[in-house]
Amino acid sequence: MSNFPFTTTLASLPTTIPFVGPDTHERLSGIKFRARIGANENGFGPSPKAQQAMIDSITDVWKYGDSDNFSLRTALARHHDIPIENIVVGEGIDGLLGLVCRMFVSPGRNVVTTNGAYPTFNFQVTGNGGKLHFVDMKNDHEDLDSIVTKAAQTDAVLAYISNPNNPMGTWHEGDVLNRITSNIPQNTMMVLDEAYIEFAPQNTILPIDVTNRQLMRFRTFSKAYAMAGARIGYCIAHADLICEMEKLRNHFGVNRPAQFGALAALEDQEYLQGIVSAVNQGKSELGRIAAKHGLSAIKSATNFLSIDCGRDDKFARMIVQELGKVGIFIRMGWAPPQSRCIRVSVGTSQEHQWFDEALSNVLSNLQ
Ligand SMILES: *Cc1c(COP(=O)(O)O)cnc(C)c1O
């Protein structure tokens, strides 16, 4: 490989991917998942109006999408009661996190995140040559004060926080976050990943202040709006930051069906509310299943439940693997002590029932 003129950063990177996708797992094992409840996809599916909008847009798919995402940004601006200048639309939060890392991270720069938090962010930091500094969770919650302290100690350019948090589903109230954003070191940008915010209690949502120059918020249509495969999300930030993003972003990266689908999904808030209550019911159901097997679920403000298996990561991994063998796709925490937990996304009652039966078999075999 040494004769390829790669960048120094790329040449130094190991071959890793943050997530092996469910389709890859199926291909590798030859087993089709009957319960796909491991990637926090929302199996209830998008609003019928969003589906229709995407179908209707297909004939026009020969056209590039609108590079300004103008209609969607206008609707988002209205929805959040902020100016359109404070919104950029991109290829999901993952795409936007990559963009933010390109904006701020270069070899030798420092970034703070939580040990065992969202790995795709880390992947983007490392891909730009940045150095990651980790803070441990505290009682399965992101430890915001330690994140701020670590950012100051390392002179970090970015500090990543997710609220609610993946993989634990735990969350902080807006008031707490507010205090943190005002303490963040002067040279640090706070990256607030709100992938699950629509599922969270109202007081979790930090009021939107687009005059804050140190906060970038990331939202998606993948989770509550059930459009993961459409790849569309957005960032809310100070207008000057959005202007800088314009210099780097992939202007035609968002596909046309996704633009129309997201617009229709956003306009169907009634459907979204229905999803949120269905997900809450689903979480209760999964919680009862966990309890039945003597396991305790961690209270979650997302569309998944982390279930404490009461032992170490080896035990949790065994459960994940054994369930996979019988077509039940779930995941687990990424770093100790959170990796003692399995992570199960809300699915249909049928999927929950299969999970219940398979878990029962696995646990009795592993005793
Ligand atoms: C699912 C998830 C994302 C990915 O969002 P996309 O918009 O699909 O890229 C980002 N952050 C967290 C914490 C997630 O769980």
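**Helix packing, up close**

Modeller: Happy to. Ser-71, Leu-72, Ala-75, Leu-76 and His-79 of helix 4 meet Ala-262, Leu-263, Leu-266 and Glu-267 of helix 10. Please keep in mind that this is a predicted model. By class, the residues of this contact between helix 4 and helix 10 divide into 6 nonpolar, 2 polar and 1 charged. Two packed helices are described by the angle between their axes and the distance between the axes. Here helix 4 (residues 70-80) and helix 10 (residues 256-267) have axes that come within 9 Å and cross at roughly 20 degrees. Angles under 35 degrees count as roughly parallel, and that makes helix 4 roughly parallel to helix 10. The crossing of helix 4 and helix 10 is left-handed.

Helix 11 (residues 269-292) and helix 13 pack at an angle of about 15 degrees, and their axes are 11 Å apart. That makes helix 11 roughly parallel to helix 13. The crossing of helix 11 and helix 13 is right-handed. From helix 11 the contact draws on Gly-282, Glu-285, Leu-286, Ile-289 and Lys-292, and from helix 13 on Ser-349, His-352, Phe-355 and Asp-356. The residues of this contact of helix 11 with helix 13 divide into 3 nonpolar, 3 polar and 3 charged.

Helix 13 also packs with helix 12. The axes of helix 12 (residues 313-325) and helix 13 (residues 349-366) come within 10 Å, crossing at roughly 130 degrees. That makes helix 12 oblique to helix 13. The crossing of helix 12 and helix 13 is right-handed. On the helix 12 side the contact is made by Phe-315, Met-318, Ile-319, Glu-322 and Leu-323, and on the helix 13 side by Phe-355, Ala-358, Leu-359, Val-362, Leu-363 and Leu-366. The residues of this contact of helix 12 with helix 13 divide into 10 nonpolar, no polar and 1 charged. Look out for Phe-355 as you turn the model: this residue of helix 13 takes part in the contact with helix 11 and in the contact with helix 12.

Of the 13 residues around the ligand, Asp-193, Tyr-196, Thr-220, Ser-222 and Lys-223 come nearest. Tyr-196 has a polar side-chain atom 2.6 Å from an oxygen atom of the ligand, and for Thr-220 the distance from a polar side-chain atom to a ligand oxygen is 2.5 Å. Arg-231 also places a polar side-chain atom 2.7 Å from an oxygen atom of the ligand.

Last, the backbone. Most residues other than glycine have a negative phi, and most peptide bonds are trans. Asn-40 sits in the loop between strand 1 (35-36) and helix 3 (48-57). Next, Asn-163 and Pro-164 are joined by a cis peptide bond, with omega about -10 degrees. You will find Pro-164 in the loop between strand 5 (158-162) and helix 8 (174-183). The peptide bond from Pro-336 to Pro-337 is cis too, with omega near 0 degrees, and Pro-337 belongs to the loop between strand 12 (331-332) and strand 13 (341-345).

How values were computed
Residues numbered from 1 in each chain as written. Predicted model: local features only at pLDDT ≥ 70, side-chain atom pairs only at ≥ 80, totals over all residues. Heavy atoms only, no water. Axes fitted to C-alpha atoms, helices over the stretch in contact; angles between N-to-C directions. Helix = DSSP H or I, 4+ residues; strand = E, 2+ residues; numbered from the N terminus. Parallel < 35°, antiparallel > 145°, perpendicular 65-115°, else oblique. Left-handed = near helix turned anticlockwise from the far one by under 90°. Contact = heavy atoms within 4.5 Å. Nonpolar A, V, L, I, M, F, W, Y, C, P; charged D, E, K, R; others polar. Near = heavy atom within 4 Å. Polar contact = N/O pair within 3.5 Å; in protein donor to acceptor, adjacent residues only side chain to side chain.
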